[in-house]
Amino acid sequence: MIEQRRGDGSLRHLITLEGLRRDEVEALLQHSQRYVCLAGQRPVRGTALRGIQIATLFTEPSTRTRVSFELAGRRLGADVINLELQLSSRVKGESMLDTIYTLQALHFDVFVIRDAEPGVLAHVAQHVGPHVSVLSAGEAHLAHPTQGLLDALTVRQHKGRVEALRIAIVGDLLHSRVARSAYHVFRLLEAREIRLIAPPGLMPGPDEFAGCARFTTLEEGLEGVDVVMMLRIQKERFSAAALPDGAEYFARYGLTAQRLARAHADAIVMHPQPMNRGVEIASEVADGPQSVIRSQVSNGVAVRMAVLETVAAGRGA
Amino acid sequence: MIEQRRGDGSLRHLITLEGLRRDEVEALLQHSQRYVCLAGQRPVRGTALRGIQIATLFTEPSTRTRVSFELAGRRLGADVINLELQLSSRVKGESMLDTIYTLQALHFDVFVIRDAEPGVLAHVAQHVGPHVSVLSAGEAHLAHPTQGLLDALTVRQHKGRVEALRIAIVGDLLHSRVARSAYHVFRLLEAREIRLIAPPGLMPGPDEFAGCARFTTLEEGLEGVDVVMMLRIQKERFSAAALPDGAEYFARYGLTAQRLARAHADAIVMHPQPMNRGVEIASEVADGPQSVIRSQVSNGVAVRMAVLETVAAGRGA
Amino acid sequence: MIEQRRGDGSLRHLITLEGLRRDEVEALLQHSQRYVCLAGQRPVRGTALRGIQIATLFTEPSTRTRVSFELAGRRLGADVINLELQLSSRVKGESMLDTIYTLQALHFDVFVIRDAEPGVLAHVAQHVGPHVSVLSAGEAHLAHPTQGLLDALTVRQHKGRVEALRIAIVGDLLHSRVARSAYHVFRLLEAREIRLIAPPGLMPGPDEFAGCARFTTLEEGLEGVDVVMMLRIQKERFSAAALPDGAEYFARYGLTAQRLARAHADAIVMHPQPMNRGVEIASEVADGPQSVIRSQVSNGVAVRMAVLETVAAGRGA
């Protein structure tokens, strides 16, 4: 596993939440909370990143996450440039490194990278100069660490201490980086229970998600939970779920008000977006009183501000 | 019709010029005039929009209008982010709203939207939070309000009071949002006469453009006018104009120096751009002494600065 | 040839290095050196371009060069906007001018243009208003003046005075704007010798590159040189090189450690990037101790800062 800290112990990269200590995650969450603001409020701004150059490199499109990082950087005074360079080692390992060295020679301080291929981020992090930080904006099915942090922040805002909570993660767990980062952060914060609910064909193997109870129906899995974390399902997964289409998927695995009633009466409902309404979630639930989906989005910018400021602060100079 | 004002009467959205009062339009034009600057002069800048976040969402490409809004926002200190999100309700009504709610949760204050589908802008405006403004950058064939304002500003700069003027709008009126917004603003400013000149197949029905005289030849329609507003024609309209191609269109409906001679000797010629030279307008006219086409472009930024500042000022906070 | 200076002799456009005086190039290089900074250092920033609007118009994709100009402008406080407008006179001569006039009416001060067609840049420069500067970011096979300047700056940093040096330019000289701008700058700085090394099918005709010795093998051409400037080769050129593919090209014309050994022991190796490793250059050379390829990239931003500041300073107002 890639070392994400500098020699002095400060956080330099954020590629995965695995291996972070609890106090590090707590510090990031507290830092993030300072940047949270309500709808209609003017967002907190600062100058902590003045003179810092951030490059976003997304080999998969994701306007939401890209804009969230861009706003986070800009609100703290950084220059953010969106690059359309191909970064993948699939093209050519050395070409990717040439791109990295070029960006470094252009004096970018932070690379925010989304890549569909496992390992590209760690590969980049191993080769950049000591003053450069690499932040994941989503890596294959493996990790989406800022999403994990924003999910934890959202849960704490609405439900208080994580230790007391039963959390269900529901849907296409097999392919979900959101689920893996959520698992890491909630385990680190010592959630009382983490449950996985998925169709058999979309349930990860036993070598992953240690310690989680596994369910194949929402009816069983949601019983008494405090947090329902829905995942997005891609159309091409329906066959793996042994279901022909979205309507069938919804009938079997969609979060309806009726199924949600199995959860704790004040359970919250989360979704990383974009939602497939009528497939993995019913509109009445997505827009209902238990949904905290919109505060997840706001929290995303706050978390990315905190992460950017943290890695830049440790950089010295 | 959508209510564009806040409870206190201040302008919040600008989706159409229909329903605005004359004093509101006059105030916007006077405000715009402060931001007009000559070629080679350094543009007026300000800080009125510092901390304001503007998102541009264009489902039809339009570099000119997008850049005009972007420059307007930046000159007043706003953060402007160009989004490539699909917004159309054609995809899915609720998906569109999810996008809107996401942008709102990212604390965007102003959405600048261009959309080919009638009604999307009003739909968005009905659902955004009270602190968010929606500005049209062109909606279907219906409205292009900042274009209407910049056209009015240009006419006033060159011809003085609109009340005294005979104005001809020429070309593909049927499909033109530019024509509709021009009609609204010139009627509000009580132009002496507004004439429509179009091939029969491109002339709007009698339920629209109330009070306008209608002509099917430039020779008749341009007689004695003070302002000639040309419209852009798309190639696919030639058949509706009962003409096979651009050369034929030009022969029948193109603005030549000879036809322009029917107008008042100091009449001005306008065009929203991009021009089809040799189709709707002769180059010698487009580049001639009566053309004010380039000052329309400069006025566009000034008008958008004034509109952005007006809707942001009323926002409070 | 286009006049690149204003009436007072100050530099207004930079479309080619041809016709510049030695003292002008020396001044640009000295100016650039002030903006050079080491890896990991915070780049020099300034406010010299505050209020200046720069438009980049690239009809060929080139993220590296575009970002280099964008960073250069931003570091000095300019507003930089990347436009996707079609500028080519291939579409329509007058349409191109309409675009130019529109950008001018939007108060852009500097146009940074890359175009595949010879002559477009000069055509634009002839038509813009007196307050507007046109900078080339690469024109057909003809010129890439900021690349030429950054190459000269890199050579001087590593090898001192150009007068003492033997410089070899290697590869697809026929199609290379990089080679032509390098030739102009090194001849102006009175390099002791400039050699051209290319396959016969990629060697320019005798009417160009006056005074250069010509070689068809690296073995002969690299003998005793101080600087080896490699060029990128496009796949579609292999047939002109009378070679079937990249492996064959490498076998005959690739820069290997063995071939480099013919050069002076402390010769430097340059490449404009992106590199085709294993085609025109071996990885062990590209990443070896004689390679200065990464400092070329850093120098690129410094040179573009100096050029932007120089043309803006002469603008008055």
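Predicted model: local features only at pLDDT ≥ 70, side-chain atom pairs only at ≥ 80, totals over all residues.
Local features need pLDDT of at least 70, side-chain atom pairs count only at pLDDT 80 or more, and totals for chains, interfaces and linings use all residues. Residues are numbered from 1 along each chain as its sequence is written, chains are lettered from A, and side-chain values use heavy atoms, without hydrogens and water.

**View 1. The two domains of chain A.** Domain 1 brings 26 residues to the contact and domain 2 brings 24 residues (contact: heavy atoms within 4.5 Å).

**View 2. The buried area.** About 2,100 Å² is buried between the domains (accessible area, 1.4 Å probe, that two parts lose on being put together, summed over both). Carbon and sulfur atoms give 58% of this area. On the domain 1 side, A:Arg22, A:Leu29 and A:His141 supply 30% of what that domain buries against domain 2, more than any other three residues.

**View 3. Salt bridges across the interface.** The rule finds three salt bridges between domain 1 and domain 2 (a side-chain nitrogen of Lys or Arg within 4 Å of a carboxyl oxygen of Asp or Glu). A:Glu26 and A:Arg156 also meet through their side chains in a salt bridge, at 2.9 Å from N to O.

**View 4. Helix H1 at the contact.** Helix H1 (22-33) is among the elements that give two or more residues to the domain 1 side (helices are DSSP runs, H or I, of at least four residues, numbered from the N terminus). H1(A) gives the most, with seven residues.
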